[in-house]
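Here is a friendly tour of one structure, with the sequence and the coordinates side by side. Please keep both open while you read.

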Amino acid sequence: MDESGNSSQHGAHPNEGLATLAVGAIGVVFGDIGTSPLYALKESFIGHHPLAVDRAHIFGVLSLIFWTMMLIVTIKYVFVILKADNKGEGGSLALLALIGRRMEAGRWSVGMTVLGLIATALFYGDAIITPAVSVLSAVEGLTVVHEAFAELVLPISIAILIVLFAIQSRGTAVVARLFGPVMLVYFAVLAVLGVANIAQAPEVLGAVNPIHALRFFLIDPALAFLALGSVVLAVTGAEALYADMGHFGRKAIMVAWLWVAFPCLLINYLGQSALLLKNPAMVENPFFLMAPDWARLPLVILATLATIIASQAVISGAFSISQQAVQLGFLPRIRIRHTSASAAGQIYVPLVNWLLLALVILLVLSFRTSSNLASAYGIAVTGTMFITACMLGVLTFAVWKWHPAMATLVTGAFLIVDGAYFASNVTKIPDGGWFPLLVAAITFTLLSTWATGRRIVRDRLAEDTMPFDLFVGSVVAKVKRVSGTSVFLASTADGIPPALLHNLKHNHILHERVVILTVVTEGVPHVPAEKRRELEDLGHGFYRMIVHIGFMDEADLPAELAVEDRAGGPFKPMETSWFLARQTLIPSSRPGMAIWREKLFAWMVRNAESAMQFFRLPSNRVIELGSQLEI
């Protein structure tokens with residue numbers, strides 16, 4: 001979409017048909033929400049706030065599930081938020097960058113940054129819980145096949161998770177081609193099971209009437225409010241519709257939801273409810289008990305495949321969000337490997353992968369059942385949804401410039417709905433909701449500390465920066481020049497970088513051609529090749545180059561120099577030396593951050609991947625110049 005709010009399809013693949021993209025979206029985008037029937041209805045009745053399994057409560061919960069999917073997924077995400085794409089990309093950080101491009105710096109932009117970082121932090125909590133709760137809930141289906149399998153649930157779940165994370169480094173492009181067809185079969189099975197059970201109690205179709213949800217609140221307002229915390233599990237993964245928009249485009253995601261995922265999910269929930277109307281004792285695991293005895297083991301296998309696919313989508317999302325956070329300056333440089341030569345989005349982040357695996361296994365061993373984990377799940381999901389609604393409010397007022405009455409009505413409605421679900425999940429904090437909040441708090445601290453620390457370092461370095469005119473007048477004429485090219489990386493596009501001054505101070509020479517190079521990350525996913533480089537001839541053999549990249553782009557600086565011929569001729573790799581500054585940070589009492597945060601920032605700097613590896617510089621042509629800096 002452009003910044004006025006008109007939708008676009010930058011993120012979709014123009015060579016692929018809508019049907020192909022929609023099948024792909026079913027495999028990647030709808031894995032999480034597609035596996036919700038494994039636990040959502042069950043948790044509403046036998047979770048931490050049990051309900052009587054009678055007609056009034058079954059109709060009330062089912063009505064709530066239907067209208068939750070309708071209001072949150074269909075109206076909020078599919079019809080409104082998918083319009084908020086940042087040059088085709090979606091997700092909290094892309095939305096933050098979109099709003100940031102259009103808003104002047106000030107308290108609003110600071111507030112938006114904080115909201116975007118909290119949503120990102122909550123996403124990491126979600127990325128840990130989703131694989132654990134999804135795989136556990138599927139493997140628990142074995143206990144329906146035979147009670148003796150109960151002891152195998154944990155070992156099998158952990159084995160599946162270890163294999164899933166272990167194969168990430170090999171890339172998932174080949175396996176991903178099977179995701180769409182497998183999930184299509186899975187959704188078809190959801191619908192078939194639903195129809196078979198609806199036929200036994202067709203009166204359940206009347207439950208979609210909102211009057212049943214209203215009656216539920218009138219009969220038992222306290223329990224109905226608490227039930228919202230489990231009902232919202234039916235829409236876990238709704239945020240993926242927005243986050244994965246760049247891969248498939250808005251139209252394909254809309255088609256996949258409205259014509260496949262939504263109808264099949266609804267039919268399955270109706271079928272589970274019909275089963276409970278006939279036999280309330282089936283509430284222990286209505287998803288698997290809908291199937292006849294002979295079909296239960298195949299159903300467990302299919303559901304397990306679906307949960308692996310759901311987990312894969314969240315893991316890939318965590319990699320993508322981490323890459324965006326690095327490029328936008330919220331995380332230090334970390335190793336990011338590309339697992340596909342053709343697909344730019346296929347990346348692998350080792351640090352994130354192994355951290356996720358360790359925490360996922362810790363969760364499975366600590367909580368042991370999907371019911372226990374469901375309590376931890378809701379707060380991460382509803383927190384992210386509520387923050388997205390807040391950011392949408394700013395978008396409708398400040399960016400899209402909707403009529404104030406319309407913007408207030410839409411934003412207010414979403415905030416009330418999302419706020420109610422979030423408030424219901426707050427009651428689950430003692431039962432496991434503390435875990436995603438703890439993960440989010442740690443992640444937010446890291447993201448905000450890195451962003452603030454970088455700003456402080458830039459300010460401190462700016463204090464020692466020499467203006468170029470002064471440098472030329474006092475230094476250049478007196479210094480010996482040698483053949484070749486030197487490239488000095490600078491954090492800002494002003495003045496002379498400290499690395500150049502340090503080199504001059506110790507070596508007393510300058511190369512014939514000196515390039516001062518700054519990398520600037522823009523608030524868009526990709527910057528076209530023709531707009532990536534700015535070049536300014538400063539005279540005396542000095543050039544200032546600014547390389548603009550998007551937050552989904554790679555910074556390959558030798559490749560950028562290789563195609564640049566305006567700076568006194570082409571750059572020869574074996575005649576070009578790269579100079580990097582490496583600061584040793586010393587926490588001090590100077591105004592900036594609390595001492596403990598300064599120490600944390602210094603630790604993050606020490607453990608960040610080197611600029612040489614991150615910018616793909618040739619190791620035999622790099623000179624690092626160290627210095628100390630008080631922060």
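## A walk through the model

Helix H5 (residues 92–102) is largely enclosed by the rest of the structure, because 8 of its 11 residues are buried. Those buried residues are Ser92, Leu93, Ala94, Leu95, Leu96, Ala97, Leu98 and Ile99. Here, buried stands for under 20% relative accessible area, exposed for over 50%, and partly exposed for the range in between, with a 1.4 Å probe and protein chains only. Helices (H or I, at least four residues) and strands (E, at least two) are DSSP runs, numbered from the N terminus.

Before going further, please note that this is a predicted model, in which local features need pLDDT of at least 70 and side-chain atom pairs count only at pLDDT 80 or more, while totals for chains, interfaces and linings use all residues. Residues are numbered from 1 along each chain as its sequence is written, and side-chain values use heavy atoms, with hydrogens and water left out.

### Two buried residues

Let us look at Pro37, which sits in the loop between helix H2 (31–34) and helix H3 (40–46). Pro37 is buried, with a relative accessible area of 1%. Which residues does Pro37 touch, not counting residues up to four places away in sequence? They are Leu190, Leu265, Asn268, Tyr269, Gln272 and Phe287, where contact means heavy atoms within 4.5 Å. Leu190 is 153 residues from Pro37 along the chain, and their C-alpha atoms are separated by 8.8 Å.

Ile58 belongs to helix H4 (residues 55–80) and is buried as well, at a relative accessible area of 2%. Setting aside neighbours within four places in sequence, Ile58 contacts Phe45, Val53, Ser273, Leu276 and Leu277. Thr143 lies 85 residues away from Ile58 along the chain, with 24 Å between the two C-alpha atoms.

### How helices pack

Two helix pairs come next. Helix H8 (residues 153–166) and helix H17 (residues 350–367) have axes that come within 10 Å and cross at roughly 175°. Axes are lines fitted to C-alpha atoms, for helices over the stretch in contact, and angles run from 0 to 180 degrees between N-to-C directions. H8 and H17 are therefore roughly antiparallel to each other. On the H8 side, Leu154, Ile158, Leu161, Ile162, Phe165 and Ala166 take part, and they meet Asn353, Trp354, Leu356, Leu357, Val360, Ile361, Val364 and Leu365 in H17.

Are helix H20 (residues 434–463) and helix H24 (residues 595–607) roughly parallel or roughly perpendicular to each other? Their axes are 9 Å apart and the packing angle is about 85°, so H20 and H24 are roughly perpendicular. Contributors from H20 include Thr445, Trp450 and Val457, and those from H24 include Trp596, Phe601 and Met604. For these labels, angles under 35 degrees count as roughly parallel, over 145 as roughly antiparallel, 65 to 115 as roughly perpendicular and the rest as oblique.

### Salt bridges

Side chains of opposite charge can pair when their charged atoms come close. The whole structure holds 12 salt bridges, each defined as a side-chain nitrogen of Lys or Arg within 4 Å of a carboxyl oxygen of Asp or Glu. The table lists some of them.

| Arg296 | Asp293 | 2.8 Å |

Arg296 counts as buried at 13% relative accessibility, whereas Asp293 is exposed at 61%. Arg455 and Asp459 are 4 residues apart in helix H20, which means that about one helical turn separates them. Arg455 is partly exposed at 42% relative accessibility, and Asp459 is partly exposed at 40%.

Arg616 lies in the loop between helix H25 (611–614) and strand E8 (622–630), and Asp556 in the loop between strand E6 (542–549) and helix H23 (557–562), so the pair ties together parts that are 60 residues apart in sequence. Arg616 is partly exposed at 43%, and Asp556 is partly exposed at 23%. Salt bridges with shared partners also link Arg532, Arg533, Asp553, Glu560, Glu564 and Arg566 into one network.
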